[in-house]
Amino acid sequence: MRLIAENLTCVRGGRTLFRNLDFEVAAGRALLVTGPNGAGKSSLLRLLAGLLRPAAGRIALEGSEPGQPAGVSAHFIGHLDAAKGALRAAENLAFMQALLGGGGRTVAEALRAVGLDGLAEVPVRMFSAGQRRRLALARLIVAPRPLWLLDEPTTALDAEGQETFAALAAKHLAGGGIVVAATHAPLKISAQEIRLGAGGAA
Amino acid sequence: MIAALRAVFVRDLMIAFRVGGGAGIGVVFFLALVTVIPFAIGPDLPLLARIGPAVLWIGALLASLLGLDRIFSADHDDGSLDVLLLAPVPLELIAAAKGAAHWVATGLPLVIAAPLLGLLLGLEPRMLGAIALTLLLGTPALTFFGLVGAALAVALPRGGLLVAVLILPLTIPVLIFGVAATVGAAGGPVPFDMPLRLVGALSLATFVIGPVAAAAAIRQIRD
């Protein structure tokens, strides 16, 4: 499996965020996207997930089932946590598992893996920002998908939470997965890096 | 795929019944509207009975417009719409599942409440059954037309009023045939079954048009 971006150009609101971006990420590798605020890190992730269309260029995920949109092979965790405050943690996660096709760890195992065991029956509106983030990360392992697209995955996580994330990512990479993460903080995983400049050149 | 759609349906229902405002607000509005009308019109039972079906239908129509704008925009606001878009299920079917959940949470309570409120308006027993039946067939059309407006609300933060104004004209045929069928049940100028079938046909058509148009609108807006 290989993630390939060729000549990618992204225009948002009439402004060119970056142009002619080329990169390749092989199976088992991670790519960190860095750059100042507004450089287009989040937009790049949304492009890769298929949530936005590029103004020019091509994105391909080699080795995924042909005819399937790339997004179906990808987990996308944006800066929002996609959790419903009215539902309990376990209900939120069970929904994600059923929606995304399941096939991974059980809800209880995933909650334990991200350090939320004991909080399964607590409504998510009671959660702190860090706990919500942990719940979002639990989604990654209840339904395995080869490509992880993560926007600031460790925001609001404490030191132990960051270790947990690093362990999850390392395990994913060891299994031949791909991680693309936009971040300002070091993620404690070995990775190639691509820097988006405010001026647009990569 | 069925499991994913069931998950969407069940989740939306749980949220609607757990967040107090969701399911109850439409019925309370319906109740408020129908109970104040006899006070405004005065103790003229024959008049109330004559306008009763129209009052009940107008109440149900307006009540079902409440909360429409949150169907998709709530998911947009907390990021879950992104996940729904990446699910291995067509967005059209997800929209349909969300519409079905919204109808069960907001439309079905109106159908159940309508005959009881009909008693307040002095409707004949035969009309009470007719109003429940026409609403049962007609309110799904209101919700599924509403899906289109709900999708547009994703691009219009706090566009609830605008959504209602956009959807209202589309729902007028449902209102016309719904009231005609109810009046026909008590021996009005038109027979009961013809407008009833049209109401049913409108609902069936919106089951297709609503989710497809809503999904198209969401894809367009979010790009």
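Me: What makes two residues count as being in contact?

Reply: Two residues are in contact if their C-beta atoms, placed from the backbone, lie within 7 Å. In this predicted model, the contact between the chains takes 23 residues from chain A and 20 residues from chain B.

Me: Which helix gives the most to the side of chain B that touches chain A?

Reply: That is α1(B), with eight residues. Helices α1 (2–18) and α5 (80–85) of chain B each supply at least two residues of that side. By residue type, the side of chain B that touches chain A divides into twelve nonpolar, six charged and two polar residues.

Me: How do you know that the length of helix α3 of chain B agrees with its number of residues?

Reply: Helix α3 (residues 45–65) has 21 residues, and at 1.5 Å a residue these should span 30 Å; the end C-alpha atoms are 29 Å apart, so the two agree. There is also a kink of about 50° at Ile51(B), shortly before the proline Pro53(B).

Me: What makes Trp57(B) a buried residue?

Reply: A residue is buried if 20 or more other C-beta atoms lie within 10 Å of its own. Trp57(B) is among the buried residues of α3(B), as are Pro53(B) and Leu61(B).

Notes
Residues are numbered from 1 along each chain as its sequence is written. Chains are lettered from A and ligands numbered from 1 in the order in which they are written. This is a predicted model: local features need pLDDT of at least 70, side-chain atom pairs count only at pLDDT 80 or more; totals for chains, interfaces and linings use all residues. Helices (H or I, at least four residues) and strands (E, at least two) are DSSP runs, numbered from the N terminus. Ala, Val, Leu, Ile, Met, Phe, Trp, Tyr, Cys and Pro count as nonpolar, Asp, Glu, Lys and Arg as charged, and the others, Gly among them, as polar. The expected span of a helix is 1.5 Å times one less than its number of residues. The bend at a residue is the angle between axes fitted to the seven residues ending there and the seven starting there. A residue is buried if 20 or more other C-beta atoms lie within 10 Å of its own, exposed if 12 or fewer, and partly exposed in between; C-beta atoms are placed from the backbone.
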